[in-house]
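Here is a short briefing on one protein model and its ligand. Keep the sequence and the 3D view open while you read.

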Amino acid sequence: MQIQSPCVSIEQSNQLAIIKLANAPVNALSKAMRVGILDALEQANNEPSVEAVLITSELSLFSAGADISEFSGPNLEPMLPQVLNKIESNSKPVIAVVNGNAFGGGLELVLACHYRVSFKGNKVGLPEVHLGILPGAGGTQRLPRLIDAKSALDMIVTGAPTPVVKLEGVFDEIVDKASQLNEAGVALAKRAISSGPKPVSAVALEANENTLAVFEAYSEQVSAKSKGFFAPLKCVEAVRAAYELPFEEGLRKEAELFMECMKTPQARAQQHFFFAERAASHVAGLSKDLGTRDIKKVGIIGAGTMGGGIAMNFANAGIPVTMLELKQEALDKGLALIRRNYENSAKKGKLTQEQVEQRMALLQGATDYSALGDVDLVIEAVFEKMSVKKEVFSALDKACKPGAILATNTSTLDIDEIAKATSRPEDVIGLHFFSPANVMKLLEIVRADKTSDEVIKTSMKLAKTIRKVGVLVGVCFGFVGNRMIEVYGREANRLMLEGATPEQIDRVIMGLGMPMGPFTMGDMAGLDIGYFVRQSRKSFIEHDPSYCIVADELVEAGRVGLKAGKGVYLYEQGSRKPIPDPAVMEIAQRKAKELGITQREISDQEILERCIYPLINEGANILQEGIAQRASDIDVIYVYGYGFPVFKGGPMQYADETGLAHVLARLEHYQTTLGEYGQHWFSPSPMLKNLVAEGKSFSSLN
Ligand code: NAD
């Protein structure tokens, strides 16, 4: 037997035909694979001495599923559902030997086989929901025929990988080790020859009161939990169809629901984001031959809020850390806080006490720079003041070995300037973590003027080691994330001055799908942080006397946010629930009067446009200046760093979906209607104007 496909092979062993999938790197079920599988199956059927067919993979994983690059093009026959229906209706039994992860279409292929065998450590799943769709090749109809409704719903609605050991209904046999699979596959095939094909579609499912109650309860739960997403409820509907309709009709229903999902902005956004995340890990212009430096030991300067969180990332990854403070007391305090964090995780059952001790044992304290002689990387997280940063970097330059990477976690300061305090600016880089640093996935990797490619490549790799999403950005005030959020915060504050209440503004922003509005976020982060930044950037106020003027007064009155029990909102002791305070609007009214601003009723639409469109405009400026490599990187930063809803794909995707011409028109509208303020702050980015003139989108730049 011989087939033409470069990615599927077939061989015969006695009465068995063995089809092997070999489409590196992930056995994506592309058109070539689908054709190859059908060809191989036909050959096995045409060979009289073959009595059963095994399907397995030549790679270490079985298959990661559909080739999602095909989603945007025309249908390429044969489509996966057709291929799987052919497998299921094959007259010779087909056995899936699942030698590695089977996800999405990969698992649907497994479910279409008559018998299935895998091994204990393996995981499988149906993650389509993360792409805004549902399993569209029979997964929603076959899986519930093998496991109970609730388990099938859990797998399909959450998209989470599931250990094979939890799927005894799916697998006829689960062996201890992958090495036993070949033998087990052959034995299962021999049994299959005597019992014949056993199609999953033949299993009868019946809806009764109990199952209906499961679906009702599940739909309710999903509606509450996945606000803004379209696919999760459709997944429930599809699984329900497996119970309520005959198999063929169920498949048709699944196809219908799949197409419905595919056409939504959510699916476009989630698929955009899938590619965005992958693109973000690539740095243009880095030589493939370039090596990376080993990071086996890390130093952290400053054991405060950020230093402590950053240290935990490394301890979690098994990398030893030396933390440096000038005073023993500050060091003890920092280390004690880290221990408390770990102990809390242990209380919640996320870590064992042994793991807490293992991690703590990786953390050492020091008050002298001589302790940093052998570290491969240092991350500075001291006060946000240039003179302090320079002192630290000059000391690091003297203390650290040649080749050590010297990183700063500064949020706003000029890293080129910091690098000048050393004799090795090529080793200096920004590693900008987000707070809480042990939780937030985003890491802005800031390339300074002289940072070497090797240091950049090492940092991008390091992000993966500590399970962060690293995105390369350039030096400017606030880099990408904070530079854009500044614009949004400014506008929210100005809207309050013009008459919108903080509650209205927060509600509108949450309506977009953000986890919280700008004022709740400000209170949580601490209003003093922005205040201190503003103090060092008087240029904002020179151009705009209204700039965050209410927030300034609040901070000066000690209302610094949640930690003080009062900020823009009030907080009851021990509660994080914001309580509106009329006194804040009184300040806004007084300040508005002083500045000659007439307060008015402001529509939700205006709030949304004025907070989000200037942020997008700033994103366009960032692209124009080359501070971000691509528009989709900005989306990754916003989803992981600021909770921008993934079902909108990030601000730049949201702008594309809204229409750039519309965004531009609204910016121009506010530029002219908001007087001097509008003239100053609403000037459209030349990049945005050009894209609109050429009828292009941000995604066309990627
Ligand atoms: P923090 O005040 O909580 O901690 C700073 C620590 O540095 C303190 O423990 C202090 O004792 C120590 N320190 C000060 N000068 C020192 C020196 N010369 N040598 C050694 N230790 C010294 O501040 P933080 O919030 O952790 O911020 C640290 C840095 O991280 C700043 O640059 C800040 O802009 C940046 N950052 C903060 C956040 C945030 O949300 N807090 C987010 C991202 C980045």
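In which loop is Arg 467 found? Arg 467 sits in the loop between helix 16 (453-465) and strand 17 (469-474). Helices (H or I, at least four residues) and strands (E, at least two) are DSSP runs, numbered from the N terminus.

This is a predicted model, in which local features need pLDDT of at least 70 and side-chain atom pairs count only at pLDDT 80 or more, while totals for chains, interfaces and linings use all residues. Residues are numbered from 1 along each chain as its sequence is written, and side-chain values use heavy atoms, with hydrogens and water left out.

**Ligand site**

- The ligand is surrounded by 22 residues. The closest are Met 306, Glu 325, Glu 384, Lys 389 and Asn 409.
- An oxygen atom of the ligand lies 2.8 Å from a polar backbone atom of Met 306.
- A polar backbone atom of Val 382 is 3.3 Å from an oxygen atom of the ligand.
- For Asn 409, an N or O atom of the side chain is 2.9 Å from an oxygen atom of the ligand.
- On its own, the ligand has 830 Å² of accessible area, and the protein covers 79% of that. Accessible areas come from the Shrake-Rupley method with a 1.4 Å probe; for residues, only the protein chains shown count as cover.
- Helix 11 (305-316), helix 14 (386-399) and strand 15 (428-433) are the elements that give two or more residues to the shell. Helix 14 gives the most, with three residues.
- The shell holds eleven nonpolar, eight polar and three charged residues. Here Ala, Val, Leu, Ile, Met, Phe, Trp, Tyr, Cys and Pro count as nonpolar, Asp, Glu, Lys and Arg as charged, and the others, Gly among them, as polar.

**Helix 2**

- Leu 80, Val 83, Leu 84, Ile 87 and Glu 88 are buried in helix 2 (residues 80-88). Buried means under 20% relative accessible area, exposed over 50%, and partly exposed in between (1.4 Å probe, protein chains only).
- These residues lie on the same side of helix 2 because they cover an arc of only 135° around the axis. The arc is that of the directions from the helix axis to the C-beta atoms.
- An α-helix has 3.6 residues a turn, so residues three or four places apart point the same way.
- The cover over the buried residues of helix 2 includes helix 1 (31-46), strand 3 (52-57), strand 4 (94-97), helix 3 (105-112), helix 4 (139-142) and helix 9 (247-262).

**Helix 5**

- Ala 149, Ala 152, Leu 153, Met 155, Ile 156 and Val 157 are the buried residues of helix 5 (residues 149-158).
- Their cover includes helix 3, strand 7 (123-125), helix 4, strand 8 (162-163), helix 7 (209-225) and helix 8.
- At the start of helix 5, a side-chain oxygen of Asp 148 comes within 3.2 Å of the backbone nitrogen of Lys 150.
- Gly 159 follows helix 5 and has a positive phi, near 70°.

- Lys 234 lies in helix 8 (residues 231-244). Lys 234 is buried, at a relative accessible area of 14%.
- Leaving aside neighbours within four places in sequence, Lys 234 is in contact (heavy atoms within 4.5 Å) with Leu 134, Leu 257, Glu 260 and Cys 261.
- Ser 30 is in the loop between strand 2 and helix 1. Ser 30 counts as buried at 11% relative accessibility.
- The side chains of Ser 30 and Asn 23 are joined by a polar contact of 3.3 Å. A polar contact is a pair of N or O atoms within 3.5 Å; within protein, one must be able to donate a hydrogen and the other to accept it, and residues adjacent in sequence count only if both atoms are side-chain atoms.

**Backbone exceptions**

- Most residues other than glycine have a negative phi, and most peptide bonds are trans.
- Arg 467 has a positive phi, near 60°. Arg 467 is exposed, with a relative accessible area of 68%.
- Phe 479 also is not a glycine, and its phi is positive, about 50°. Phe 479 counts as buried at 0% relative accessibility.
- The peptide bond from Ala 24 to Pro 25 is cis, with omega near 5°.
- Ser 435 and Pro 436 are joined by a cis peptide bond, with omega about -5°.

How values were computed: A residue is near a molecule or strand if one of its heavy atoms lies within 4 Å of it.
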